[in-house]
Amino acid sequence: MIEPDKIANKRAQTLAKYCSIRKFYQTTLSEFVPERNYDALMTIHANYYWGKTHNGWSDHKYEDCIDKIDKISKQIFILGASKKSEYYDFVEHNPFPEHVHIENTRELLKSRGRNVVEIPVPMRFYIDDLKNDPFAARETWKFFNNTENEPTKRQLEKFVDATKDKAYAIFHDVLLIAK
């Protein structure tokens, strides 16, 4: 498991007793030096951060990470959000650049000669309680907007208003399997 954050890495190590994670690396994928080639590599929504740098987003860095996993793994499993996800209906602005959407990741893997299978994975994110629970509304706003910053009163009202007629949002995720 590759996790650059020290605290998150430590927490992730508790997963080892429930699954077959043999080794943990506290580094980023771009800085990871593999000890060998792997049979499979899986990431769940982490691909969004492969292109993040201290200076902002870089589609070149993102492609470098795709190249790396292409070279070190026989099979690649990536679960990510589609451009069609209702998630984007509720954010103030898309916190992620265009190149990390699953549709673009699919094309990058295909361009490297991979046979890519797509499996739709619609996920329901329940938002019905946001109307009556200010804490849940605030924390969900931060999650949706990918920030630890507190929303303004106006931002929170706008967010709750946008979600008021829905019991849940459907995140149209897609699992890519690249062989």
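Ser-82 counts as buried because its relative accessibility is 1%. Here, buried means under 20% relative accessible area, exposed means over 50%, and partly exposed lies in between, with a 1.4 Å probe and protein chains only. The model is predicted: local features need pLDDT of at least 70, side-chain atom pairs count only at pLDDT 80 or more, and totals for chains, interfaces and linings use all residues. Residues are numbered from 1 along each chain as its sequence is written, and side-chain values use heavy atoms, with hydrogens and water left out.

Ser-82 sits in the loop between strand E4 (73-81) and helix H3. Helices (H or I, at least four residues) and strands (E, at least two) are DSSP runs, numbered from the N terminus. The side chain of Ser-82 forms a polar contact with the side chain of Glu-103, at 2.7 Å. A polar contact is a pair of N or O atoms within 3.5 Å; within protein, one must be able to donate a hydrogen and the other to accept it, and residues adjacent in sequence count only if both atoms are side-chain atoms. Leaving aside residues up to four places away in sequence, Ser-82 touches Tyr-88, His-101, Ile-102, Glu-103, His-172, Asp-173 and Val-174. Contact means heavy atoms within 4.5 Å.

Glu-103 belongs to the buried set of H4, which also holds Ile-102, Thr-105, Arg-106, Leu-108 and Leu-109. Helix H4 (residues 102-111) has the highest mean pLDDT among the elements of the protein chain, 91. Strand E3 (residues 56-57) has the lowest, 60. pLDDT is the predictor's confidence in each residue, from 0 to 100. Over the protein chain, pLDDT averages 80, and 83% of the residues score at least 70.

After H4 comes Gly-113, with a positive phi near 85°. Arg-114 lies in the loop between H4 and E5. Arg-114 is buried, as its relative accessible area is 10%. Two backbone oxygens lie by its side chain. The side chain of Arg-114 reaches the backbone oxygen of Ser-73 at 2.6 Å. A polar atom of that side chain also lies 2.6 Å from the backbone oxygen of Lys-74. Arg-114 touches Ile-69, Asp-70, Ser-73, Lys-74, Gln-75, Ile-76, Leu-109, Ala-178 and Lys-179, not counting residues up to four places away in sequence. One of these, Asp-70, is 44 residues from Arg-114 along the chain, yet their C-alpha atoms are separated by 8.5 Å.

At its start, a side-chain oxygen of Asp-133 comes to within 3.1 Å of the backbone nitrogen of Phe-135. The buried residues of H5 are Ala-136, Ala-137, Thr-140, Trp-141, Lys-142 and Phe-144. An α-helix has 3.6 residues a turn, so residues three or four places apart point the same way. The cover over the buried residues of H5 includes helix H3 (87-90), strand E5 (116-126), helix H6 (153-163) and strand E6 (168-178). Just after H5, Asn-146 has a positive phi of about 55°.

Lys-142 is a charged member of this helix. The classes are as follows: Ala, Val, Leu, Ile, Met, Phe, Trp, Tyr, Cys and Pro count as nonpolar, Asp, Glu, Lys and Arg as charged, and the others, Gly among them, as polar. Lys-142 counts as buried because its relative accessibility is 9%. Apart from residues up to four places away in sequence, Lys-142 touches Thr-147, Glu-148, Asn-149, Glu-150 and Pro-151.

The axes of H5 and H6 come within 10 Å and cross at roughly 90°. H5 is therefore roughly perpendicular to H6. Axes are lines fitted to C-alpha atoms, for helices over the stretch in contact, and angles run from 0 to 180 degrees between N-to-C directions. Angles under 35 degrees count as roughly parallel, over 145 as roughly antiparallel, 65 to 115 as roughly perpendicular and the rest as oblique. In this pairing, Ala-137, Arg-138, Thr-140, Trp-141 and Phe-144 of H5 meet Gln-155, Leu-156, Phe-159 and Val-160 of H6. By class, this contact has six nonpolar, two polar and one charged residues.

The protein chain as a whole has six helices and six strands. Of its 179 residues, 40% count as buried. Among contacts between residues at least 6 apart in sequence, 67% join residues at least 24 apart.
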